[in-house]
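Dear colleague,

I am passing on a structure that I would like you to look over.

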Amino acid sequence: MRRANGTGCVRKLQGKRRKKYQAIITMRVNNNYKQIHLGTFKTRKEAQQYLEYYVNSNANANEKDIKFKDVYDDWSVKHYKNIRENTVKEYISMYKKCEILHEMDMRDIKYNEVQNVIDSMPKSSRQIGKTFLKMIFDYAIKNDYIEKNYAQYAQCEKYKKKVKKIFTVNEIEKLEKDSTNCGKILKILLYTGMRISEVLNLEENDIDIINKKITIHEAKTVAGTRCVPVHDNIIHCLDFKKCSYEVIHAYIKKNYNHTCHDCRHTFASRCKQLKLDSYITKLILGHSVNDITLKVYTHTGFKEIEKEFKKFNYDI
């Protein structure tokens, strides 16, 4: 019995085959119609049943728009399982920046639409935005929704990252004498390499003055959950009062012409200058290290980190 138009067909393949019945559907791709092979089956009945399922589940692109958001949803479920948490957050952010494309049919998104979206992004986000869109288009091509990846032709200027500044000797000496509450917080940043968000999220129980360590529970990454040794020079700073990020940012900008992250960069640079063990430095900073390294250092515990950290100073 002949199937209705647009619902596909079943063909019997030539030769000796275990699965000799082929299910085929016709789809519109970039305003052209193209036959798509759905699979082969042992019997004609199995092939017809699969075609019914395929059509009834609205997989036929002739009857339904293939929206950008639907392709993204399908891609993200499969892709996000295999990448780092931080990368997932970046791609989610990129998806939000592509809001104008969400309801569009993938077949209607051409070069101009892609370029306009990338141009609307902050310069620092354009390269990752292009990479994100290329992956979405590649996924759509693999699923025969479209034939061309317009994202690969998009133009974006290379973004020049701002040069990170480290504190000078004079600036460190000035900070050492700063007894304000903001000064205390900045000294903690300078002597621990912690992120400002990590310091502001600390609770009273996270600070162990007796054992000279700070436990970080809320961090940017999994590796960021860690214990940080406390230098003798900042013991008196641990009674700081919490304040907002905006207050700290304004204070360090006005009084030192730096950012909070410059403290972290200064700490990392000083560790390198003093030739502290690179992996222990990474553990203190909350950077991820490979599994083999973790196995080496997890059994040594915090005492090994403390021992190495005793070398740290700003006695320049």
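Cys156 counts as buried at 19% relative accessibility, where buried means under 20% relative accessible area, exposed over 50%, and partly exposed in between, with a 1.4 Å probe and protein chains only. Cys271 is buried as well, with a relative accessible area of 1%. A disulfide is a covalent bond between the sulfur atoms of two cysteines. With a disulfide taken as a pair of cysteine sulfur atoms within 2.5 Å, the count comes to zero.

Please bear in mind that this is a predicted model, in which local features need pLDDT of at least 70 and side-chain atom pairs count only at pLDDT 80 or more, while totals for chains, interfaces and linings use all residues. Residues are numbered from 1 along each chain as its sequence is written, and side-chain values use heavy atoms, with hydrogens and water left out.

Turning to the charged side chains, a search of the whole structure gives 11 salt bridges, each being a side-chain nitrogen of Lys or Arg within 4 Å of a carboxyl oxygen of Asp or Glu. One of them joins Lys67 to Glu103, at 2.9 Å from N to O. Because Lys67 lies in the loop between helix 1 (44-56) and helix 2 (68-79), and Glu103 in the loop between helix 3 (85-97) and helix 4 (111-120), this pair ties together parts that are 36 residues apart in sequence; helices (H or I, at least four residues) and strands (E, at least two) are DSSP runs, numbered from the N terminus. Lys67 is partly exposed at 25% relative accessibility, and Glu103 is also partly exposed, at 47%.

A second case is Asp232 with Lys212, whose closest N and O atoms are 2.6 Å apart. Asp232 sits in the loop between strand 6 (226-229) and helix 9 (245-256), and Lys212 in the loop between strand 4 (207-208) and strand 5 (213-216), so that parts 20 residues apart in sequence are tied together. Lys212 is partly exposed, with a relative accessible area of 32%.

Lys311 and Glu308 form a further salt bridge, with 3.0 Å between the closest N and O atoms; Lys311 is partly exposed at 44% relative accessibility, whereas Glu308 counts as buried at 13%. Salt bridges with shared partners also link Lys67, Lys69 and Glu103 into one network.

Finally, Lys158 is found in the loop between helix 5 (126-142) and helix 6 (169-176), and is exposed, with a relative accessible area of 80%. Its C-alpha atom is separated by 8.6 Å from that of Arg126, 32 residues away along the chain.
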